Every structure is written in structure tokens, then in C-alpha cells.
Amino acid sequence: MKVKAKVYVREEPTLSVDLMDPYGNTLGTVLVRKPQSLRVLINGKEVGASDLHRDEKITVWVPQSMFDAPPATAGD
């Protein structure tokens, strides 16, 4: 899934980003523990997380598996 985000804090070896809704409102903050694996687009070009700066707007791809939850059982 493609998500718009804004860099909140970049302190090696982590990166915090605010996930944004289509209106620019913050939906929540996500901590990325291995930002070197993060795919980032700035102005249509892929860059590394070490090139990011605070308040920079980015587009990230989030694997669907991060949102998949196991089905609830009858007792839940």
C-alpha cells in the first residue's frame, strides 16, 4: 500500500515518520528500526532514508502483511 508521510525524527539507526491522510492530517507516528530497507520517493525519485530531513514529505510503500490480522475465534 502506498502511503504519504512526513519525516518526524531521523536518529540513526531509526526513523520516525508521521503517516498522513489525503488532507495532510497526521494519522499516527511509525518508528522504522531498519530505515535502510525503507523505499522512499521524493519528487518521483527513490532515495535512501539517510537522505531524509525533518518535515520532509515522502511516499512509502507499506506491506499489506503489516495490517493483516488473524481471524478472531469464537471465544474472542
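**View 1. Order of elements along the protein chain.** From the N terminus on, the elements of the protein chain run β-β-β-β-β-β. This predicted model takes local features at pLDDT of at least 70 and side-chain atom pairs at pLDDT 80 or more, while totals for chains, interfaces and linings use all residues. Residues are numbered from 1 along each chain as its sequence is written, and side-chain values use heavy atoms, without hydrogens and water. The protein chain has six strands and zero helices; strands are DSSP runs (E, at least two residues) and helices are DSSP runs of H or I with at least four, both numbered from the N terminus.

View 2. An open sheet is formed by six strands in the order β3-β2-β1-β6-β4-β5, with antiparallel pairing. β3 (26-32) and β5 (45-47) each have a single partner strand and stand at the edges, so one side of each lacks a neighbour in the sheet. On average, neighbouring strands of this sheet are turned by 40° against each other, direction ignored; the axes are lines fitted to C-alpha atoms.

**View 3. Pairing of β1 with β6.** Strand β1 (residues 2-11) runs antiparallel to strand β6 (residues 57-61), and five bridges join them. Two strands pair if DSSP finds at least two bridges between them. Val3 stands opposite Val60 in β6.

**View 4. Burial and surface of the protein chain.** Of its 76 residues, 28% count as buried, meaning under 20% relative accessible area with a 1.4 Å probe, protein chains only. The protein chain exposes about 5700 Å², of which carbon and sulfur atoms supply 52%; accessible areas come from the Shrake-Rupley method with a 1.4 Å probe.

Definitions and conventions
Buried means under 20% relative accessible area, exposed over 50%, partly exposed in between (1.4 Å probe, protein chains only). Axes are lines fitted to C-alpha atoms, for helices over the stretch in contact, and angles run from 0 to 180 degrees between N-to-C directions.
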